[in-house]
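Below is a short report on one protein model, arranged by topic. The sequence and the structure come before the text.

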Amino acid sequence: TEAVNQPDQPEVIEGGQPDLFSKFDPLIEMRRNLLDSGVEDPFSLVMDRVLSPTTAICNGRETILLGTYNYMGMTFDPDVIEAGQKALTDFGSGTTGSRVLNGTYSGHKAVEQALCEFYAMDHAMVFSTGYQANLGIISTIAGKGDYIILDIDSHASIWDGCKMGDAEVVPFKHNDLEAMEKRLRRIPEGAGKLVILEGVYSMMGDIAPLKEMIAVAKKHGAMVLVDEAHSMGFIGPNGRGVAEDQGCLDDVDFVIGTFSKSVGTVGGFCVSNHPKFEIMRLVCRPYVFTASLPPSVVATACTSIRKLMHAADKRAHLWENSRTLHAALKAAGFHLGTETPQSAIIAVIMPDLERGAAMWEALLHEGLYVNLARPPATPANMTLLRCSLCAAHTAEQVQQIVGMFQRAGVKAGIL
Ligand code: PMP
């Protein structure tokens, strides 16, 4: 799903060299056609001011935010902001160095300790983004002669981690337990195996049957990595994710997560109980060969993670928001990514890119921001309007959102 169509013959520019940009021509044309139709560019929205976790001035208009992944609304938490400001004053604006050289400050150790406590696991390793956490862990643990068995709808960072390593990559149909087992059975005896799953799949907002899938993976002697980017802080009794919710976290060898969603800042991590996990700090290139996170970022992350350990009320309110919006959009006649609400993401399926873009723009004019997602990021070539709810959305805001969807749906010819 990642490739852009290659033209048959590369264009030749002056001097007889092929123009390396000609492979992007189909995409350039698609974008031009979309903008020629007169819609606002969905990929160059500017947040002029951010007023709260749920409201901002976007392209000059006051807008409700419904596409930010800011699930727990931690970005404006006063304790989080204070911790960041203090660290900025005490430690400066950046570390200017790798974690294994001059880039480990007390704040990096503190956030790793907070993660160990949050997940009740022995080891935590923090990366500069979640993207790099997947890139680093996957490419380092699965090497030549090993096999990676992964869901075909895996996030781009998982695919890129596979591409960066030397393991054989074996995809299986999305959330299909039988297909996964069939692939596992065919792997040569004695080969190293890593099964990669996600708790919540971010395009459709559906969850994985982790309990069953992990049991099968273990039966075949595979190690298991679960990306819980979209469930941390929200799903599970302690917010540890879908694996916790389904009672199988103890069987997960590596949990990957991010600070860019519920935690409300930026950064990525892997937590594990593997007794040899610490060696990763010396061999994992996306950890070693890049600068560590700024002190203010790790301080905000640490404070936020500790507060998320005691956020049961917020979790309950977010579930309430998700259920209310899902039911109302379904009742209004929209086609949704899941039959029932499974996470804080609700995907509204559009008939095509043109009407999807028109609906996206109509919502923006109503004062609502959602994500427009299109192929190749989406499964089955779908155009989606992806809504991600926040624990800070009030019940009134959710009702306002429903009205906006109804009016925009009529205007864009979807309803
Ligand atoms: N994994 C998944 C499933 C994601 O959706 C994302 C980001 N959307 C990432 C990893 C990467 O996270 P980050 O923003 O921290 O790079």
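## Exposed and partly exposed loop residues

Thr 96 counts as exposed because it has 12 C-beta neighbours inside 10 Å. The classes are set as follows: buried means 20 or more other C-beta atoms within 10 Å of the residue's own, exposed means 12 or fewer, and partly exposed is in between, with C-beta atoms placed from the backbone. Thr 96 sits in the loop between helix H2 (78-91) and helix H3 (106-119). Its phi is near 50°, a positive value in a residue other than glycine. Helices (H or I, at least four residues) and strands (E, at least two) are DSSP runs, numbered from the N terminus.

Ala 120 also has a positive phi, of about 55°, although it is not a glycine. Ala 120 belongs to the loop between H3 and strand E6 (123-127). With 13 other C-beta atoms within 10 Å, Ala 120 is partly exposed. Gly 38 is in the loop between helix H1 (25-36) and strand E3 (47-52), and is exposed, having 8 other C-beta atoms within 10 Å. Gly 38 and Thr 68 are 30 residues apart along the chain, and their C-alpha atoms are separated by 25 Å.

## Basis of the model

This is a predicted model, in which local features need pLDDT of at least 70 and side-chain atom pairs count only at pLDDT 80 or more, while totals for chains, interfaces and linings use all residues. Residues are numbered from 1 along each chain as its sequence is written.

## Overall fold

The protein has 14 helices and 18 strands. Its radius of gyration is 22 Å, which agrees with the value near 22 Å for a compact globule of 415 residues. The radius is taken over C-alpha atoms, and the globule rule is 2.2 Å times the number of residues to the power 0.38. Along the principal axes, the C-alpha atoms fill a box of roughly 60 × 55 × 50 Å.

Of the 415 residues, 49% count as buried. Two residues are in contact if their C-beta atoms, placed from the backbone, lie within 7 Å. Among contacts between residues at least 6 apart in sequence, 70% join residues at least 24 apart.

## Two domains

The protein is divided into domain 1 (36-72 + 311-411) and domain 2 (76-308); the bounds come from an automatic or database domain assignment. The C-alpha centres of domain 1 and domain 2 lie 26 Å apart.

Contact between the domains involves 22 residues of domain 1 and 22 residues of domain 2. On the side of domain 1 that touches domain 2, helix H12 (312-332) and strand E15 (345-350) each supply at least two residues. E15 gives the most to this side, with three residues. By class, the side has 14 nonpolar, seven polar and one charged. Ala, Val, Leu, Ile, Met, Phe, Trp, Tyr, Cys and Pro count as nonpolar, Asp, Glu, Lys and Arg as charged, and the others, Gly among them, as polar.

## Ligand shell

Of the 13 residues around the ligand, Thr 129, Gly 130, Tyr 131, Ala 229 and Thr 258 come nearest. A residue is near a molecule if its C-beta atom, placed from the backbone, lies within 6 Å of it. Helix H4 (residues 130-141) gives the most to the shell, with three residues. The shell has two nonpolar, nine polar and two charged residues.

## A cis peptide bond

The peptide bond from Pro 375 to Pro 376 is cis, with omega near 5°. Pro 376 lies in the loop between strand E17 (371-373) and strand E18 (383-388).
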